[in-house]
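Hello,

The sequence and the structure follow.

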Amino acid sequence: MLTDLYTPSVQHSLDLAGIFVFAISGALLAVRKNFDVFGIAVLAEATALGGGVVRDLIIGAVPPAAFTDLGYFLMPLVAAGLIFFLHPQVERINGAVLVFDAAGLGLFCVAGTTKAYEYGLGLTSSAVLGVVTAAGGGVLRDVLANEVPSLLRWDRDLYAVPAIVGATMVALLIRFDELNGATSALAAATAFVIRSLAMRYGWRAPRAWHRRSSSAEEV
Amino acid sequence: MLTDLYTPSVQHSLDLAGIFVFAISGALLAVRKNFDVFGIAVLAEATALGGGVVRDLIIGAVPPAAFTDLGYFLMPLVAAGLIFFLHPQVERINGAVLVFDAAGLGLFCVAGTTKAYEYGLGLTSSAVLGVVTAAGGGVLRDVLANEVPSLLRWDRDLYAVPAIVGATMVALLIRFDELNGATSALAAATAFVIRSLAMRYGWRAPRAWHRRSSSAEEV
Amino acid sequence: MLTDLYTPSVQHSLDLAGIFVFAISGALLAVRKNFDVFGIAVLAEATALGGGVVRDLIIGAVPPAAFTDLGYFLMPLVAAGLIFFLHPQVERINGAVLVFDAAGLGLFCVAGTTKAYEYGLGLTSSAVLGVVTAAGGGVLRDVLANEVPSLLRWDRDLYAVPAIVGATMVALLIRFDELNGATSALAAATAFVIRSLAMRYGWRAPRAWHRRSSSAEEV
């Protein structure tokens, strides 16, 4: 029984932590785009909850958790308020924010894969939805801010790979009946470490072969 | 019993009126963006129905009302046809359009909050979905037109605040068991008046504190 | 009984063909936007599956077919891999790609209308969802790539019209109880031919009347 994986309160705390750090990244982009206080709050909410809401709509878990758990809704507002007052300080510790974001990435790809499987999806689809949960909020953030999604750009450090690795590990653990609290934590930690290394060493994914520079479009 | 609030025909007429004015705002943006007649129709439909469709997907009311009531689908086409032929005249009475849009904002935040509560969501989530219903169509309109959503920009008059006030009033009225036709109308009128005053006096929401102009990005 | 229309394997093969050509168009745009290999894969998946996923969420067919049929998920990855290695060759045969895309348009507007009707929607809503199925993926592709959707632009050849004609034909065939394999194929072929003629002769839809060039905004 997968729901025995973690005690509910531990799972809930991890979810709130992931939501908080994603909300910080949304609020920071809103400040950089010169949005007002409501724009900051909306972008914080969308970044933190967007991936999970899309996953829940797809697996048929309606209303999505974001609309049944008041903490999920309030946490991004706390992050938005913090950034509203303290954004210069937070931007100065940008490294710290990215570390937290990497932690959110790890937590969400594991939680998303597990929840999709609990709702009856196959292993591959569950892993895909784990990646959607982890990366979807950031894509929604960038679309709302009218920017090309970071996830798609070649000049950004790897983001999809750690989520794919983490979600695939969870799917394989389920397949071999080895998913438990410890192995879940290992999958989340693996995604976190790969993302951290990618940022540390500037790992990037290749672009299409034979990409002619003449046709390069600056994005 | 909340469904006794209004006679169905009154509620339906108010919905159609709100849909019409939102569709006008979508069609006008499409003309300004130089879209063709189908682009005008698509943007009118998306602006008018987008917020309600998202709300219905989240609360599990599928298929959404926009796909079960033919009037909801046809009304934006009427608005698109009107703008196709008469856009110079309509733009000249832009003030009138904005007044109608403010009325749509008031009607939709009340109707959205009420419907979400009827589907079993909590008071806070219902109010959030009231705001989503009122503001979501405009966000979808701007995303499809590849513009930064008005809702998020600091250089636009308050739009979120009137929706939040109206939706919160409805939630409080439900909480204290005082929601009826008269108090619903009062909530819608309050949102309408706040939005109208915001446009009249150019009320804007603050940006993040200590916003350094050097880092300002023109959006 | 509509599900007797085609043998399942024929329908499935047609779906996979449509998914493949739409994925090619997404992957090509990703290469043109200079995205990395994951951006190419994400845009291929979104273009190929986006319209169908939105349709399935709206009609309540969750989880959407894209998440229950592994072939639907793998096909865009094949297209992405092909474009990753062979994009110069594929771009050189751009005409061929557009012909396949027109075929996908025809197949998807027919399949989308039929599926929506099977899930109990009215004829008009079913036709609308047929158009959403055929055109939605392309809109999602353009939004994710931060471009104005082709569907809305006046300077692109007709795309909505063939989808509307095909979907309307299916709705009328259902209405008069004449939908079968042959008439479905005729509807798909009609959409395909109209789209092909529109590309061949540069057919475009009109913009709003009295469009003053002074207010034209380059998009």
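This is a predicted model: local features need pLDDT of at least 70, side-chain atom pairs count only at pLDDT 80 or more; totals for chains, interfaces and linings use all residues.

Helix pair and chain arrangement

Helix α2 (residues 37-59) of chain C packs on helix α5 (residues 123-144) of chain C at about 135°, with the axes 7 Å apart. Axes are lines fitted to C-alpha atoms, for helices over the stretch in contact, and angles run from 0 to 180 degrees between N-to-C directions. Helices are DSSP runs (H or I, at least four residues), numbered from the N terminus.

Residues in contact (C-beta atoms, placed from the backbone, within 7 Å) include C:Gly50, C:Gly51 and C:Gly52 in α2(C), and C:Gly136, C:Gly137 and C:Gly138 in α5(C).

Chain C can be laid on chain B by a turn of 120° and a shift of 0.0 Å along the axis, with an RMSD of 0.0 Å. That is the relation of a three-fold axis. Copies are superposed by least squares on C-alpha atoms of residues with pLDDT of at least 70 in both. C:Asn146 is the residue of chain C closest to the rotation axis, at 3.9 Å (C-alpha).

Between chains C and A, 28 residues of chain C are in contact with 28 of chain A. Only 11% of the interface residues of chain C are also interface residues in chain B, so the copies meet through different surfaces.

Residues are numbered from 1 along each chain as written, and chains are lettered from A and ligands numbered from 1 in the order written. Local features need pLDDT of at least 70 and side-chain atom pairs count only at 80 or more, while totals for chains, interfaces and linings use all residues.

Regards

Terms used. Helices (H or I, at least four residues) and strands (E, at least two) are DSSP runs, numbered from the N terminus. Two residues are in contact if their C-beta atoms, placed from the backbone, lie within 7 Å.
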